[in-house]
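Reader: I have a model open and want to learn to read it. Where do we start?

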Amino acid sequence: MSFRTRLGLLVAASVAVAVLAVSGVALWIARAEARSALDRKLDDRVAVLVASGGRLPERRSVQFFGRFVPRDVLAQIVAPNGAVVYASDEVLPVTPADVAVANGRARRHRTDVSADGVRLRVLTVPVAPVGALMVASPLDEVDANVAGLRNALAVVAAIGVAGAGLLGFLVAGRAIRPVRRLTDAARNVAQTQDLDQPIELERDDELGELARSFNAMLEALALSRAQQRRLVTDAGHELRTPLTSIRTNIELLARAEQVAAQPAAATASDAPVGDAVVALDSNERRQMLDDVQFELDQLTELVNELVELATDQRSQGEPERVDLAELAASVMDRHRRRTETDFVTAFESCEVVVNAALVERAIGNLVDNAVKWSPPGEPIEISVAAVDREAHVRVRDHGPGIPTALRETVFERFYRTPEARAQPGSGLGLSIVDYVARSHNGSASVIDTDGPGTTVEIRLPLAQLE
């Protein structure tokens, strides 16, 4: 069953419930008013009969029960023993409540009785000293009016429910039209993989908000795809360099081995023209193997950092509340054990809610760069401080520094300054730092430094006070 049909049925059901409730209340009120009017009529007749001083009307010559109906009311008197001493027409049924009124044990009594198939409304009042006076009037007019009203309400309810269902079906069709547009757009995106198809739906209601959210999702997906393509393109370019170098060196080593295995004369006669293949001495072989090892190390580092960039942050674990100063101290201790570099620290306790492994990796990248560029004997400065509800981590070296014009560019993937291209590295270290900072609602930047060197700062929001 479609949503449009379900909505139409829901509207029809809601209207049906409302109509039934209103009809029931209307019928109850109408019946109560009709019975109240009949009770007032009986009260008036009792007042007239009592005021007549006991002169009751003579018995009528018409039969009440059966085909004939009296024009007003029936009256009869009941003695204290329950006997009917007077009846203006056929005798009305006498109940114990009527006898109680005749005996003076009750003041008055109203009830509905049935006599010869006719429903009557009966009022019984005490009349001294004879007993009790019973006055009755038929309920057929009240029942007829209520039945007529019930039938009219049933017709109106049926028409109203049918009309409400049709109207709900039409309104639902108009209401879900924007949803259908969203559905068609999503289906088209799934089939064509074209993310440049925003939904043009200018509304200020929930459907408009849904369309804006859908467009924002398309923009995010398009940006993610563009970044993915750029990463693949840049990674392919960066991977070709070490792979080409490794392939060239291995081919030279293989040819040198072939030359060394063949006699010198055969080598000279069989070698192709222009193919300058000669045997390598031990130093040359060692240099080539060192080059292969160096390129493999570079390739391994590049692959690891590519995996780091491509891995979803959520797969690294859930964020937790940690002290940023402790993370920075842990990174510093590891580098101090591996190098002879001196560290100058200024740590202030700053609690943040982060993925500890990712943030520790980012700080480690900053320290790696600082160790790489800082001249021998110069210390690395690391500080952690809280500033304006943010935790600031700064790492400074005393190297050549980064030109002001390149301070934003160095955070791009695979970018390396002209000076850095002669040094080991992949150009992904600062890109990972920037990614980790932004993924935790923070930022990373190169800030001004007094004197030579470079200072890189990571800013992360402090944890909320508990």
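Author: Start with one cut-off. A residue is buried under 20% relative accessible area, exposed over 50%, and partly exposed in between. Keep in mind that this is a predicted model.

Reader: Then is Arg-321 buried, exposed or partly exposed?

Author: Arg-321 has a relative accessible area of 34%, so Arg-321 is partly exposed.

Reader: Which side chain does Arg-321 meet in a salt bridge?

Author: Look for a side-chain nitrogen of Lys or Arg within 4 Å of a carboxyl oxygen of Asp or Glu. Here Arg-321 meets Glu-351, at 2.8 Å from N to O. The two lie 30 residues apart and link distant parts of the chain. Arg-321 sits in strand β6 (residues 320–323), and Glu-351 in strand β8 (residues 351–354). Glu-351 has a relative accessible area of 39%, so Glu-351 is partly exposed too.

Reader: How many salt bridges does the structure hold?

Author: The structure holds 14. Another joins Arg-459 and Glu-457, with N and O 2.5 Å apart. Apply the cut-off again. Arg-459 is buried, at 19% relative accessible area. Glu-457 is buried as well, at 3%. Some salt bridges also share partners, and these join Arg-35, Asp-39, Asp-43, Arg-108, Arg-110, Asp-112, Arg-119, Arg-121 and Asp-143 into one network.

Reader: Now a helix. Why is α10 described as largely enclosed by the rest of the structure?

Author: Go through the helix residue by residue and apply the cut-off. Helix α10 spans residues 429–439, and eight of its eleven residues are buried, so the helix is largely enclosed by the rest of the structure. The buried ones are Gly-429, Leu-430, Ser-431, Ile-432, Val-433, Asp-434, Val-436 and Ala-437.

Reader: Asp-434 is on that list. Which residue forms a salt bridge with Asp-434?

Author: Arg-438 does, with the closest N and O atoms 2.8 Å apart. Count along the helix. Arg-438 and Asp-434 are four residues apart in α10, so about one helical turn separates them. Asp-434 has a relative accessible area of 15%, so this residue counts as buried.

Reader: What follows α10?

Author: Asn-441 follows, and its phi is positive, near 60°.

Reader: In what sense do β7 and β9 pair?

Author: They pair in the parallel sense, over five bridges. Strand β9 covers residues 380–387.

Reader: Last, the surface. Which residues make the nonpolar patch of about 340 Å²?

Author: Val-25, Trp-28 and Ile-29 make the patch. Ile-29 lies in helix α1 (residues 3–51). Its relative accessible area is 41%, so Ile-29 is partly exposed.

Key: Residues numbered from 1 in each chain as written. Predicted model: local features only at pLDDT ≥ 70, side-chain atom pairs only at ≥ 80, totals over all residues. Heavy atoms only, no water. Buried < 20%, exposed > 50% of the residue type's maximum accessible area, 1.4 Å probe, protein only. Pairing = 2+ DSSP bridges. Patch = residues over 30% accessible without salt bridge, like charges linked within 9 Å, V, L, I, M, F, W, Y side chains within 5 Å. Areas by Shrake-Rupley, 256 points an atom, 1.4 Å probe, with all protein chains shown as cover.
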